[in-house]
Amino acid sequence: MIIYGVALLAICTLAGVIMGDMLGVLLGVKSNVGGVGIAMILLICARLWMQKHGGMTKDCEMGVGFWGAMYIPVVVAMAAQQNVVTALHGGPVAVLAAIGSVVLCGCTIALISRTHKGEPLPPEEPLILAAGGR
């Protein structure tokens, strides 16, 4: 069922928030540090582990795929809640971290696109639904 994919996401989100809070305590910050990112990494790892061990049904994969597609809007909504003005007044570290992460991601994407010479994906087969199917 698709609900299992959502349940897997919920477990990963809770674990990510807890780990982000613990990381914030270890760093001396009174905030969650990277909880959403940790949750998405856990979700990816759990999905890959379940696929490798035969625990990922098609319906469960659809639930995980749905929330994977919703990831960017959720992150944008969460980022809109952050207090950017306070971060800028807090010092240049926040600005340097933001610029550094954008540059690092851009360089990583460029490196992967230049070095990866894999074959293109096969064409997708059309989805045919029966008259009374799901």
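## Cysteines and disulfides

Taking a disulfide as a pair of cysteine sulfur atoms within 2.5 Å, the count in this predicted model comes to zero disulfides. Cys 107 takes part in no disulfide, since the nearest cysteine sulfur, that of Cys 105, is 9.5 Å away. For Cys 12, the closest cysteine sulfur belongs to Cys 45 and is 8.8 Å away, which is too far for a bond.

The two residues can also be described by their accessibility, for which buried means under 20% relative accessible area, exposed means over 50%, and partly exposed lies in between (1.4 Å probe, protein chains only). Cys 12 counts as buried because its relative accessibility is 5%, whereas Cys 107, with a relative accessible area of 48%, is partly exposed.

## Basis of the model

Residues are numbered from 1 along each chain as its sequence is written, and side-chain values use heavy atoms, with hydrogens and water left out. As the model is predicted, local features need pLDDT of at least 70 and side-chain atom pairs count only at pLDDT 80 or more, while totals for chains, interfaces and linings use all residues.

## Overall fold and surface

The protein chain holds six helices and zero strands, so that its pattern along the sequence reads α-α-α-α-α-α; here helices (H or I, at least four residues) and strands (E, at least two) are DSSP runs, numbered from the N terminus. Contact is taken as heavy atoms within 4.5 Å, and among contacts between residues at least 6 apart in sequence, 53% join residues at least 24 apart.

Of the 134 residues in the protein chain, 13% are buried. The accessible surface comes to about 10800 Å², and 73% of this belongs to carbon and sulfur atoms, with areas taken from the Shrake-Rupley method with a 1.4 Å probe, where for residues only the protein chains shown count as cover.

## Annotated transmembrane regions

An unreviewed UniProt entry places the feature "transmembrane region" at residues 7-27, 33-50, 62-81 and 93-112; such annotations may be inferred rather than shown by experiment, and the positions follow the numbering used here, with feature names shortened. Residues 7-27 are 100% helix and 0% strand, with end C-alpha atoms 30 Å apart, while residues 33-50 are 89% helix and 0% strand, with end C-alpha atoms 27 Å apart.

## A nonpolar surface patch

Leu 23, Leu 26, Leu 27 and Val 29 form a nonpolar patch on the surface, together contributing about 390 Å² of accessible area. Leu 26 lies in helix H1 (residues 2-27) and, at 73% relative accessibility, counts as exposed.

Patches are made of residues with over 30% relative accessible area and no salt bridge, with like charges joined within 9 Å and nonpolar side chains (Val, Leu, Ile, Met, Phe, Trp, Tyr) within 5 Å; a salt bridge is a side-chain nitrogen of Lys or Arg within 4 Å of a carboxyl oxygen of Asp or Glu.
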